[in-house]
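Subject: Structure handover and notes

Dear colleague,

I am passing on the structure we spoke about, with my notes below it. Please read the two side by side.

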Amino acid sequence: METGSPAGVETAGAGPVWTGLPRGLLRMRRLLLVVWLGLAAVGIGVLLGLLAGPAWAAFALLPLAGIGWGWVLLGRNWRSWRYAERADDLLISRGVLWREETVVPYGRMQLVEVASGPVERHFGLASVQLHTAAAATDATIPGLEPAEAERLRDRLTELGEARSAGL
């Protein structure tokens, strides 16, 4: 028998309980940043070194600077993502400069999908995508652990069916 409320579920009298994204999403995004910009740096350095001379190969430092800048930005973006399950809706909050908070009422949900591409599967991650009657309120929660993504899908589907049955 389960005791207490599931992760991220609002308790009576308190505000929403926010759940952040797993650290694996940050590791995956940072690895992709290093791989792609590292390959760009090598390609630019070799091409410019051969075609224009060694001095021009210094432009290969630009993608390397992008790695440092992107590393910090990815961390800030990862920390900004969170979600909370409330009694009647799901809240999704994200954004650093422009904060965005999406409220998805359970009764408006038409489809809840769990998706995981090859890179996400390698890192043991999955995304939950919510489709509603109004396309403007569709929302995604990226980078969840597969068990949490499936739990969230099942719970949202159950709550969506219960709320829409009353319409």
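How many residues does helix 1 have, and how far does it reach from its first C-alpha to its last? In this model, which is predicted rather than experimental, helix 1 has 29 residues and reaches 42 Å between those two atoms, close to the 42 Å expected at 1.5 Å a residue. Its buried residues are Gly24, Leu25, Leu26, Met28, Arg30, Leu33, Ala41 and Gly45, and the buried residues of helix 1 pack against helix 2, helix 3 (118-122) and strand 7. After helix 1 comes Gly53, which has a positive phi, near 115 degrees.

Helix 2, covering residues 61-80, has 20 residues and reaches 29 Å from its first C-alpha to its last, where 28 Å would be expected at 1.5 Å a residue. Its buried residues are Pro63, Gly66, Ile67, Gly70, Gly75, Trp78 and Ser80, and the buried residues of helix 2 pack against helix 1 (23-51), strand 2 (82-85) and strand 3 (89-94).

Strand 1 is joined to strand 2 by two bridges, and the bridge partner of Gly20 in strand 2 is Arg82. Arg82 also stands opposite Ser93 in strand 3, while Glu85 has Leu90 as its bridge partner in strand 3. Strands 2 and 3 run antiparallel and are joined by four bridges, and a hairpin of three residues connects strand 2 to strand 3.

The other open sheet to mention is formed by three strands in the order 5-6-7, and its pairing is likewise antiparallel. Here strand 5 (109-115) and strand 7 (139-144) are the edge strands, each with a single partner strand, so one side of each has no neighbour in the sheet. The twist from one strand to the next averages 15 degrees. Strand 6 (residues 126-132) pairs with strand 7 over four bridges in the antiparallel sense; within that pair, Gln129 stands opposite Thr140, and Leu130 stands opposite Ala139. Although strand 7 is an edge strand of the sheet, strand 7 is mostly covered, with five of its six residues buried.

Which residues have the most contacts inside the largest nonpolar core? That core has 24 residues, and those with the most contacts inside it are Leu90, Ile92, Met109, Leu130, Ile141, Leu144 and Leu156. Two or more residues each are given to this core by helix 1, strand 3, strand 5, strand 6, strand 7 and helix 4 (146-165), and the largest share, four residues, comes from helix 4.

Leaving aside its neighbours within four places in sequence, Leu90 is in contact with residues including Tyr83, Val104, Met109, Leu130, Ile141 and Leu156. Of these, Met109, Leu130, Ile141 and Leu156 are, with Leu90 itself, among the residues with the most contacts inside the core.

With best regards

Conventions: Residues numbered from 1 in each chain as written. Predicted model: local features only at pLDDT ≥ 70, side-chain atom pairs only at ≥ 80, totals over all residues. Heavy atoms only, no water. Pairing = 2+ DSSP bridges. Axes fitted to C-alpha atoms, helices over the stretch in contact; angles between N-to-C directions. Buried < 20%, exposed > 50% of the residue type's maximum accessible area, 1.4 Å probe, protein only. Expected span 1.5 Å × (residues − 1). Contact = heavy atoms within 4.5 Å. Core = buried A, V, L, I, M, F, W, Y, C linked by side-chain atoms within 4.5 Å.
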